[in-house]
Amino acid sequence: MSYTDHSPDPVAAAAGCPDDTPIIMLAHQPKAAKLTIKLLPRVDLVLSGHTHGGQFFPIHIPVYLVNPYFAGLYQVTPDTHVYVSRGLRFYGAPTRLFSYPEFTSVYLHSKPQE
């Protein structure tokens, strides 16, 4: 089963945003974060999840290999960051091993005026 009309379209999502306005995108999967940055290089921050930080060993290995961003904060360009949360829960078996749950608080501050 596939939902072809549910593909991310970051360009359409950012249409109408003034050039001097920061852009923050939400992307369920880190793969969508990579696509967002490719199609919309002016995005400032992409918040993502989905990986559960690998959840438990040895699942860490394939999850790490197939996702462009695994867990934590990445500076992709000088002006673009991606943050991937490990999340609070789990997928499938109610277990985590070497992948600790996290609650993420994001505080946004404006740049100082030049």
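Predicted model: local features only at pLDDT ≥ 70, side-chain atom pairs only at ≥ 80, totals over all residues.
User: Why is S110 called exposed?
Analyst: The relative accessibility of S110 is 69%. Exposed means over 50%, and S110 therefore counts as exposed. S110 lies in the segment after strand 4 (80-84).

User: What makes strand 1 and strand 3 edge strands?
Analyst: Four strands form an open sheet in the order 1-2-4-3, with mixed pairing. Strand 1 (24-27) and strand 3 (72-77) each have a single partner strand, so one side of each lacks a neighbour in the sheet. From one strand to the next, the twist averages 20 degrees.

User: How do you know that strand 2 and strand 4 pair?
Analyst: Pairing requires at least two bridges. Strand 2 (residues 45-48) and strand 4 are joined by four bridges, in the parallel sense; the strands therefore count as paired. S48, for instance, has V84 in strand 4 as its bridge partner.

User: Why are the buried residues of helix 2 said to line one face?
Analyst: The buried residues in helix 2 (residues 30-39) are P30, A32, A33, T36 and I37. Viewed down the helix axis, these buried residues fall within an arc of 150 degrees, so they line one face of helix 2.

User: Against which elements do the buried residues of helix 2 pack?
Analyst: They pack against helix 1 (10-14) and against strand 1, strand 2, strand 3 and strand 4.

Definitions and conventions. Residues numbered from 1 in each chain as written. Heavy atoms only, no water. Helix = DSSP H or I, 4+ residues; strand = E, 2+ residues; numbered from the N terminus. Buried < 20%, exposed > 50% of the residue type's maximum accessible area, 1.4 Å probe, protein only. Axes fitted to C-alpha atoms, helices over the stretch in contact; angles between N-to-C directions. Arc of directions from axis to C-beta. Contact = heavy atoms within 4.5 Å.
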